[in-house]
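Please keep the sequence and the structure in view while reading.

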Amino acid sequence: MDDRGGSFVAVRRISHAPCNSSSAEIVAGSTAWLGRGLSCVCAQRRENDPRPSFDLTLTQEECLQWIQSRVDVPYDSSIPEHQDALMALWDTAFPEEKLHDLISEQWKEMGWQGKDPSTDFRGGGFISLENLLFFARNFPKSFQNLLRKQEGDRSVWEYPFAVAGVNITFMLIQMLDLEAVKPRTLVGATFLKFLAENESAFDLLYCITFKLMDHQWLAMRASYMDFNTVMKSTRRQLEKELLLEDITRLEDVPSYRLLSK
């Protein structure tokens, strides 16, 4: 799914990052401050591109390359590591129920479209599975509430949990401009500062976004066909919060308070 709407499903490891946790240095040039406590970035317009790009510190460049390497990994059901991650997702989501096989009708209980989740990862990549697994392990209460639709006045036609999660990964990649050589948006440049301080920043932002999306869903009393509208609203709110004053880490983002461990 992209900003222009379209079909519901827009589908797209965790290793140690080369990003260190040292403070980003200040670069010279015409500056745009990204909030108190954060260094400035230099915005430059590239030839034949109406959008500015932002010069990065060496640490931020390394972080961008690292997160791009994660984005570029496709899900491959023949790789044992990917199989293990998928099995771990099931075990974390449904600890009381044994999964009979990696290809099983049981997956529909989690909100996959069919009995083989790998078809929904197509175009979304392994990082979308990593995001779901990070969410399940680090915020189990919120994960279970969303998986089982336990909060709020729910619609008769709800969004499928797992497929929505893959859409959120894809939306964040687009919003943060992670496939560009350098970020061309202020929100993308801001995110790299968070990533330089916390190698799990993308996964954490994913959790915040998923919970915010569900919060918007309930507030809008949305149904299945409203999913694209809810995603657009979620993106606008997230961009606004990331650029607020005094946001020096993702835990300061207002919507982080929606999460429960």
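Does Asp153 count as buried or exposed? At 56% relative accessibility, Asp153 counts as exposed, where buried means under 20% relative accessible area, exposed over 50% and partly exposed in between, with a 1.4 Å probe and protein chains only. Arg221 is likewise exposed, its relative accessible area being 63%. The model is a predicted one, in which local features need pLDDT of at least 70 and side-chain atom pairs count only at pLDDT 80 or more, whereas totals for chains, interfaces and linings use all residues. Residues are numbered from 1 along each chain as its sequence is written, and side-chain values use heavy atoms, with hydrogens and water left out.

Arg221 and Asp153 form a salt bridge, their closest N and O atoms being 3.2 Å apart; the term requires a side-chain nitrogen of Lys or Arg within 4 Å of a carboxyl oxygen of Asp or Glu. Because Arg221 lies in the loop between H8 and H9 and Asp153 in the loop between H5 and H6, the pair ties together parts that are 68 residues apart in sequence.

## Overall architecture

The protein has nine helices and three strands, taken as DSSP runs numbered from the N terminus (helices H or I, at least four residues; strands E, at least two). Along the sequence they follow the pattern β-β-β-α-α-α-α-α-α-α-α-α. Of the 261 residues, 52% count as buried. The protein exposes about 12,200 Å², of which carbon and sulfur atoms supply 49%, with areas computed by the Shrake-Rupley method and a 1.4 Å probe.

## The nonpolar core

The largest nonpolar core has 71 residues, and those with the most contacts inside it are Met110 and Phe210; such a core is a set of buried Ala, Val, Leu, Ile, Met, Phe, Trp, Tyr and Cys residues joined through side-chain atoms within 4.5 Å. The largest share of this core, eleven residues, comes from H8. Leaving out residues up to four places away in sequence, Phe210 touches Leu132, Phe135, Leu146, Tyr159, Phe161, Ala164, Gly165 and Ile168, contact meaning heavy atoms within 4.5 Å.

## Helix H1

H1 has 14 residues and reaches 20 Å from its first C-alpha to its last, close to the 20 Å expected at 1.5 Å a residue, a span defined as 1.5 Å times one less than the number of residues. Its buried residues include Cys63, Leu64, Trp66, Ile67 and Arg70, and the buried residues of H1 pack against H4, H6, H7 and H8. Arg70 is also linked with Glu130 and Asp203 in a network of salt bridges.

## Further polar pairs

The salt bridges number twelve in total. One of them joins Arg154 to Asp214, with the closest N and O atoms 2.7 Å apart; since Arg154 lies in the loop between H5 and H6 and Asp214 in helix H8, the pair ties together parts that are 60 residues apart in sequence. Both Arg154 and Asp214 are buried. The side chains of Asp252 and Arg249 also meet in a salt bridge, at 3.3 Å from N to O; Asp252 is partly exposed at 25% relative accessibility, and Arg249 is partly exposed at 45%.

Asn145 lies in helix H5 and is buried, with a relative accessible area of 10%. The side chain of Asn145 makes a polar contact with the side chain of Glu151 at 3.0 Å; a polar contact is a pair of N or O atoms within 3.5 Å, where, within protein, one must be able to donate a hydrogen and the other to accept it, and residues adjacent in sequence count only if both atoms are side-chain atoms.
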